[in-house]
Amino acid sequence: MCMSVKKRREAGFTLIEVMITVVIIALLAGVALPAYQGQIVKSRRTDTQRVLVSHAQSLERWFSTNGTYLNAAGTACGVADPATTTGYTVGTRCTATTFIVTSTVVSGSSQASDGNQVLTNAGVRTGKWAE
């Protein structure tokens, strides 16, 4: 009787298989991460634009009630500035008949390359509103 020796294959992965998997994951992460970061910037821009529109509506309600955008003392806007949104600070300049609401990018934030967003009482919008 002849005894044959059978080779036993060990269970597991070879180094090549592991390296190929690592390369595939790195490629997917290289594509997905910038797209994700772009969506975060766009989402924060949309949030600040929503705040601008809401604040403009509050100013218009104030104007409808009081006939001016200014407070009773005539020194500031009749409606306080809204809270700062992520990556932006919101400020308002008022006269008796006009207002400009500006959302200014905080330097050093992820929104730094996004630019300021502006909304006026005439509905003029400046910045990246249509994206």
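So, C77 first: this cysteine is buried, with a relative accessible area of 14%. Buried here means under 20% relative accessible area, exposed means over 50%, and partly exposed is in between, using a 1.4 Å probe and protein chains only. Before I go on, this is a predicted model, so local features need pLDDT of at least 70, side-chain atom pairs count only at pLDDT 80 or more, and totals for chains, interfaces and linings use all residues. Residues are numbered from 1 along each chain as its sequence is written, and side-chain values use heavy atoms, with hydrogens and water left out.

Okay, what does C77 join to? A disulfide links C77 to C94, S to S 1.9 Å; the term means a pair of cysteine sulfur atoms within 2.5 Å. The structure holds one disulfide, and this link of C77 and C94 is right-handed, with 110° about the S-S bond. C77 sits in the loop between α1 (15-66) and β1 (88-94), while C94 is in strand β1, so the pair ties together parts that are 17 residues apart in sequence. Helices (H or I, at least four residues) and strands (E, at least two) are DSSP runs, numbered from the N terminus. C94 counts as buried too, at 19% relative accessibility.

Now the strands. β1 and β2 make a hairpin with four residues between them, and seven bridges join these antiparallel strands. Two strands pair if DSSP finds at least two bridges between them. R93 stands opposite I100 in β2. Strand β2 (residues 99-105) is mostly covered, with five of its seven residues buried.

And on to β3 (residues 117-120): four bridges join β2 to β3, again running antiparallel. There, V101 has L119 as its bridge partner.
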